[in-house]
Amino acid sequence: MRLLLLAPPGAGKGTQGERLAAWSGATHIAAGDLLRAEAQAGRGLGHEIAAYQARGDLVPDQIVLDVLTPVVVEAAATEGPGKSGTARGGYILDGFPRTLPQAVAAADLAARLGVTLDAAVYLYAADKVLTRRLLDRASQSGRSDDKADVIRHRLRVYTETTGPLVPYYAERGILVAVDADQPPDSVTADILARLSALPLTRLPAPGIE
Ligand code: ADP
């Protein structure tokens, strides 16, 4: 299965991404985590990446593509039959693509790899809900960008730059919109119900894996 999660900061895409990966056997590819790991490794463009993240700005597309492309290529290559004859492998893209040029690059990459995206799962919630969640988790997250002013900026960047991906995937007929202002289990249940209703051939039956 190949999915992407499109969601503003605080909507829970990390949590849902992990669950969808565990359920489907696909690789969870979290762009923010991979970029934070690059930043912490302190080599190459690490310092630059850390500065963009701390400000709540998007990391430039070319850097993101350099970090993400090999990971996506590897996940696409590990597809194969899983337990009970269900399909395993594929990927859950969490936080990538996040700009229109990234979406175009991701589509080009998929075409080169001979694969297609099954769905773009869009998790939505009101800004005040997202802000409250991010501030609530700030003390445990240890993230440089979980501060009130940076959170405001991240939400604005999301609306301006990532928001246009919602109509982009809707026009391609693969958008699945789910209300993220619910307990995590209800969000997961809604996503799985919506995915099960899609004409997909690759989905495992819930509970098998
Ligand atoms: P959140 O969605 O809560 O902002 P993430 O961990 O997904 O958390 O992203 C944190 C930061 O990592 C972003 O503010 C941005 O700086 C960087 N980042 C993550 N994904 C991308 C991407 N696809 N393109 C550019 N920057 C990204």
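This is a predicted model: local features need pLDDT of at least 70, side-chain atom pairs count only at pLDDT 80 or more; totals for chains, interfaces and linings use all residues.
**Ligand shell**

I started at the ligand and asked which residues come nearest. Of the 18 residues around the ligand, the nearest are Lys 13, Gln 53, Asp 57, Gly 95 and Arg 154.

**Polar atoms at the ligand**

I then went through polar atoms facing the ligand. Arg 36 has a polar side-chain atom 2.9 Å from a ligand oxygen. Arg 98 also places a polar side-chain atom 2.9 Å from an oxygen atom of the ligand. At Gly 95 the polar atom belongs to the backbone, and it lies 2.8 Å from a nitrogen atom of the ligand. How much of the ligand's accessible area does the protein cover? I get 96% of the 540 Å² that the ligand has on its own. I also looked up where the ligand sits, and the answer is the largest pocket.

**Asp 57, from the ligand list**

Asp 57 was among the residues that come nearest to the ligand, so I checked its side chain, given that a salt bridge needs a nitrogen of Lys or Arg within 4 Å of a carboxyl oxygen of Asp or Glu. The partner I found is Arg 55, at 3.0 Å from N to O.

Arg 154 is another of the residues nearest the ligand. Its side chain meets that of Asp 146 in a salt bridge, 2.9 Å from N to O. Both Asp 146 and Arg 154 are buried. I followed the shared partners from there: salt bridges join Arg 137, Arg 143, Asp 145, Asp 146 and Arg 154 into one network.

Asp 145 is in the loop between α6 (127–141) and α7 (148–162). Its relative accessible area is 8%, and because the cut-off for buried is under 20%, Asp 145 counts as buried. The Asp 145 side chain makes a polar contact with the side chain of Arg 143, at 2.9 Å.

**Salt bridges, whole structure**

How many salt bridges does a search of the whole structure find? I noted nine. I checked accessibility at both ends. Asp 185 is exposed, with 56% relative accessible area, while Arg 19 is partly exposed, with 30%.

I finished with a residue from helix α8, which spans residues 165–171: Val 166. Val 166 has 15% relative accessibility and counts as buried. I also took the C-alpha separation between Val 166 and Ile 29, which comes to 20 Å. Along the chain, Val 166 and Ile 29 are 137 residues apart.

Definitions and conventions:
Residues are numbered from 1 along each chain as its sequence is written. Side-chain values use heavy atoms; hydrogens and water are left out. Buried means under 20% relative accessible area, exposed over 50%, partly exposed in between (1.4 Å probe, protein chains only). A residue is near a molecule or strand if one of its heavy atoms lies within 4 Å of it. A polar contact is a pair of N or O atoms within 3.5 Å; within protein, one must be able to donate a hydrogen and the other to accept it, and residues adjacent in sequence count only if both atoms are side-chain atoms. Accessible areas come from the Shrake-Rupley method with a 1.4 Å probe; for residues, only the protein chains shown count as cover. On a 1 Å grid over the protein atoms alone, a cavity is a set of points where a 1.4 Å probe fits but cannot get out, and a pocket is an open set with protein on both sides within 12 Å along at least five of seven lines; lining residues have an atom within 4 Å of a point. A molecule sits in a cavity or pocket if more than half of its atoms lie within 2 Å of its grid points. Helices (H or I, at least four residues) and strands (E, at least two) are DSSP runs, numbered from the N terminus.
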